[in-house]
Amino acid sequence: MSSARPSPPTTPSGEPRPAPPSRVLVLNSGSSSVKYQLLDMRDSSRLAAGLVERIGERTSLVRHTPVASGGASRERTGPVADHGAALRAMAEELAADGLGPDSPELAAIGHRVVHGGKHFTEPTVVDDRVLAEIERLIPVAPLHNPANLTGIRTARALRPDLPQVAVFDTAFHTTMPEAAARYAIDVETADAHRVRRYGFHGTSHAYVSRATARLLGKAPEEVNVIVLHLGNGASASAVRGGRCVDTSMGLTPLEGLVMGTRSGDMDPAVIFHLMRVGGMSADEIDTLLNKRSGLVGLCGDNDMREIRRRIDEGDERAKLAFDIYIHRLKKYIGAYYAVLGRVDAVAFTAGVGENAAAVREAAVAGLEGLGLAVDGGRNAVRGGEPRLISPEGARVAVAVVPTDEEMEIAQQTYALVGKNN
């Protein structure tokens with residue numbers, strides 16, 4: 001029996017109803033930069049991408065790539081005074097490709113917001129109350145939330161008629177149980193100053209954990225995954241059935257793995273020691289731990305490619321830095337294996353995780369008893385698609401899964417706007 005094709009929706013007057021707007025503009029506003037992507041959510045295609053950096057300097061750079069048309073990237077330099085000027089430059093570049101932000105096809109603007117605290121557990125349409133709460137969180141994210149706020153306010157002025165949606169880095173981790181989220185300090189003091197483990201890179205961990213489940217041919221609810229987001233900033237998460245149950249970053253992005261310039265886990269008494277014995281101020285120690293530690297503090301380089309080159313030439317400092325990096329990473333894999341009880345996959349992502357085969361091999365070396373191993377040939381292959389690098393029939397899958405935080409933000413934004421409509 002044949003079935004008739006459904007008729008397109010019509011207006012009360014019988015006219016064909018226009019398709020709802022389907023584009024989402026994703027903004028990631030930093031203190032001196034704005035990254036953007038324009039996506040069409042009908043087919044999850046990328047229409048354009050760009051970057052405005054060195055905002056406030058005479059040598060500001062605007063780089064724009066018209067992805068949909070396959071055209072060459074365009075660059076121009078010159079002063080971009082502030083974030084308002086940066087968004088106007090973005091609008092000009094998009095308009096030159098017929099994709100201007102004044103288009104009626106634009107459904108919403110999605111914003112990456114680093115810190116959403118304990119209460120922002122999902123994407124949220126921005127209003128004055130939401131802005132005020134993001135502002136109240138500045139003391140726990142002083143480097144990020146002010147810039148995120150500036151981007152939101154500027155975009156609201158650019159398109160006051162559009163929904164502005166905040167997607168929080170911390171939201172994915174709000175499912176952590178209190179046993180994982182609490183620090184073992186006085187409860188009243190912790191609550192008074194919002195001291196707890198929030199976690200970051202949440203959009204990446206959410207995207208990669210689901211993509212890993214798809215790679216295994218399963219639903220996210222059926223899979224336990226350890227996600228290793230390894231870039232200049234690095235974090236690990238334990239994801240049980242699609243929900244985060246632990247993550248390595250804490251109150252700030254400083255806790256956890258050894259990173260490009262951040263120390264990661266450290267005895268807190270080191271801070272007191274440096275104050276009392278080293279005569280260092282709180283600001284000096286903050287700079288030391290966030291900008292002069294990690295790989296760059298250990299060997300002077302935070303580029304894993306350069307570190308590997310130096311190791312090949314016999315550089316002992318570079319080798320020690322690599323060994324410390326791997327030692328910490330391996331400890332977290334083991335810890336999260338214990339937290340989850342059963343692990344179906346370990347997924348490597350972000351710049352180092354996706355491209356440094358030596359890191360992936362070293363991270364699971366010696367963990368064969370846990371069912372973890374990589375196949376040398378598979379691990380050496382480079383590519384932009386999710387892929388397994390573990391041997392055929394391995395008890396635990398080891399995967400490389402490219403992250404796509406902009407797509408995750410766009411999907412969450414569009415789902416929320418559609419639900420509200």
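Please keep in mind that the model is predicted.

Two packed helices are described by the angle between their axes and the distance between the axes.

| Helix pair | Angle between axes | Distance between axes |
|---|---|---|
| α2 (residues 128-136) and α3 (residues 145-158) | about 160° | 10 Å |
| α1 (residues 83-96) and α3 | roughly 55° | within 9 Å |
| α7 (residues 269-276) and α8 (residues 282-291) | about 130° | 10 Å |

Let's take the pairs one at a time.

**α2 with α3.** How are these two helices oriented to each other? An angle over 145 degrees counts as roughly antiparallel, and α2 packs on α3 at about 160°; α2 and α3 are therefore roughly antiparallel to each other. On the α2 side, the residues that meet α3 are D128, L131, I134 and E135. Their partners in α3 are N145, L149, I152, R153 and R156. Sorted by class, the residues of this contact comprise 4 nonpolar, 1 polar and 4 charged.

Is L131 buried or exposed? Buried means under 20% relative accessible area, and L131 has 6% relative accessibility, so it counts as buried. Leaving aside residues up to four places away in sequence, L131 touches V126, L149, I152, R153 and R156. One of these, R153, is 22 residues from L131 in sequence, and the two C-alpha atoms are 8.7 Å apart in space.

**α1 with α3.** Helix α3 also packs with α1, and the crossing of α1 and α3 is right-handed. The contact is made by H83, G84, L87 and M90 of α1 together with T150, G151, T154, A155 and L158 of α3.

An α-helix has 3.6 residues a turn, so residues three or four places apart point the same way. The α3 residues that meet α2 include L149, I152, R153 and R156. Those that meet α1 include T150, T154 and L158.

**α7 with α8.** Here α7 passes α8 in a right-handed crossing. The residues that make the contact are I271, L274 and M275 of α7 and A282, I285, L288 and L289 of α8. Which classes do they belong to? The contact of α7 with α8 has 7 nonpolar, no polar and no charged residues. As for orientation, α7 and α8 pack at an angle of about 130°, and they are therefore oblique to each other.

Which residues of α8 are buried? They are I285, L288, L289 and N290. The buried residues of α8 pack against α7.

## Arginines in the loops

R58 has its place in the loop between β3 (45-53) and β4 (61-65). Its relative accessibility is 74%, so R58 counts as exposed. Leaving aside residues up to four places away in sequence, R58 touches G78 and P79. How far is R58 from Y198? They are 140 residues apart along the chain, and their C-alpha atoms are separated by 37 Å.

R54 is found in the loop between β3 and β4 too. Its phi is near 60°, a positive value in a residue other than glycine. R54 has 31% relative accessibility and so counts as partly exposed.

R194 has a positive phi as well, near 55°, and is likewise a residue other than glycine. Where is R194 placed? R194 lies in the loop between α5 (187-192) and α6 (202-215). With a relative accessible area of 31%, R194 is partly exposed.

## A look at the cysteines

How many disulfides does the model contain? The count comes to 0 disulfides. C244 has 0% relative accessibility and so counts as buried. C299 is buried as well, with a relative accessible area of 4%.

How values were computed. Residues are numbered from 1 along each chain as its sequence is written. This is a predicted model: local features need pLDDT of at least 70, side-chain atom pairs count only at pLDDT 80 or more; totals for chains, interfaces and linings use all residues. Side-chain values use heavy atoms; hydrogens and water are left out. Axes are lines fitted to C-alpha atoms, for helices over the stretch in contact, and angles run from 0 to 180 degrees between N-to-C directions. Helices (H or I, at least four residues) and strands (E, at least two) are DSSP runs, numbered from the N terminus. Angles under 35 degrees count as roughly parallel, over 145 as roughly antiparallel, 65 to 115 as roughly perpendicular and the rest as oblique. A crossing is left-handed if the near helix is turned anticlockwise from the far one by less than a right angle, and right-handed if clockwise. Contact means heavy atoms within 4.5 Å. Ala, Val, Leu, Ile, Met, Phe, Trp, Tyr, Cys and Pro count as nonpolar, Asp, Glu, Lys and Arg as charged, and the others, Gly among them, as polar. A disulfide is a pair of cysteine sulfur atoms within 2.5 Å. Buried means under 20% relative accessible area, exposed over 50%, partly exposed in between (1.4 Å probe, protein chains only).
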